Amino acid sequence: MQNYIHIKFQPVSKEQQEILVAQLSELGFEGFEEGLNYISGYIPEDQYNETDTAELITGTETTITKEVIVPRNWNAEWEQNFQPVIIDEFCGIRAHFHEPLQNVLHEIIITPKMSFGTGHHATTHLMIQNMQQLSFDGKQVLDFGTGTGVLAILAERLGAASVTAIDNDEWSINNAEENIKLNLCSNIALAQTDTLQMSTEFDIILANINKHVLIANMAGIKQHLILGGVVIMSGLLAGDRPDIEKCALNNGLSVVDCKMRGDWMCLLFKK
């Protein structure tokens with residue numbers, strides 16, 4: 001495994017944090033930590049662009065601190081801050097070191113590392129809320145950008161016949177594999193890739209990524225979705241909606257629902 005770059009932005013307001021996460025995601029940052037007045041992001045060393053990152057804070061009082069980090073076990077570091085997440089009493093996400101959650105329909109246990117999708121971020125929260133509205137019984141599901149594997153695990157728990165979970169990041173794949181085993185899942189196929197090159201068609205596609213990746217892959221999403229199938233897209237800010245909807249419409253997808261959490265948005269499309 002290669003080195004990662006850890007960038008810390010400080011000071012930043014809550015509103016700035018949400019915008020920075022979206023912008024950093026577009027630059028290739030993968031893991032985030034949000035504090036009271038700061039945000040940290042992680043990116044593979046060979047993908048880091050110092051100029052592009054610095055431009056994000058031009059004209060602000062925010063400063064950047066940079067650290068090169070080597071691969072290591074992230075459990076101890078994340079255990080200090082990771083708290084369980086409960087979403088509408090429908091789904092609870094906790095780490096293995098927490099006590100079992102009470103009064104939730106589905107409990108998912110994860111080992112929190114650098115992968116995106118612990119349930120704390122608004123976009124993962126919104127994805128799970130939309131999943132609550134759908135029937136997964138016997139369905140073929142694709143989790144595009146699986147991160148920790150939480151959405152893939154939940155899809156299996158909801159009755160999916162099979163789940164294909166893909167991500168372009170080695171850290172995410174390793175973390176998702178560990179979490180899939182931890183939750184005793186048996187119907188999830190995991191693969192490291194950044195493109196939709198497969199012959200399978202899916203009933204439901206889960207895509208919690210970002211605007212640019214979604215637009216770049218919209219044709220592939222349509223191609224791999226059955227007629228009448230559903231796509232849930234997030235990793236989006238409210239201002240992304242016109243571009244996403246236009247691209248989706250051009251590819252034969254129509255929006256049927258929109259959920260917001262702060263400045264973050266989750267859209268449900270149907271083919």
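Let's start in helix H6, residues 170-182, where Lys181 and Glu177 sit four residues apart, about one turn of the helix. In this predicted model, the two form a salt bridge, with their closest N and O atoms 3.9 Å apart. Lys181 counts as exposed at 58% relative accessibility, while Glu177 is partly exposed at 37%.

Arg94 and Glu107 meet at 2.8 Å, N to O. Arg94 belongs to strand E6 and Glu107 to strand E7, so the pair ties together parts that are 13 residues apart in sequence. Arg94 is buried, at 7%, and Glu107 is partly exposed, at 22%.

Now, on to the inside. The largest nonpolar core has 51 residues, and Ile128, Met131 and Leu206 have the most contacts inside it. Helix H5, residues 150-157, gives the largest share, six residues. And where does this core lie? Domain 1 (4-71) and domain 2 (78-270) both contribute residues, so the core lies between them.

Have a look at Leu206 on your screens: its contacts include Met127, Met131, Phe136, Leu151 and Ile232. Apart from this core lies another, of 22 residues, with Ile209, Met218, Val231 and Met233 among them.

Last stop, helix H4, residues 122-131: 10 of its 10 residues are buried, including His125, Gln129 and Asn130.

Key: Residues numbered from 1 in each chain as written. Predicted model: local features only at pLDDT ≥ 70, side-chain atom pairs only at ≥ 80, totals over all residues. Heavy atoms only, no water. Core = buried A, V, L, I, M, F, W, Y, C linked by side-chain atoms within 4.5 Å. Buried < 20%, exposed > 50% of the residue type's maximum accessible area, 1.4 Å probe, protein only. Helix = DSSP H or I, 4+ residues; strand = E, 2+ residues; numbered from the N terminus. Domains from an automatic or database assignment. Contact = heavy atoms within 4.5 Å. Salt bridge = Lys/Arg side-chain N within 4 Å of Asp/Glu carboxyl O. Lists of a residue's contacts leave out its neighbours within four places in sequence.
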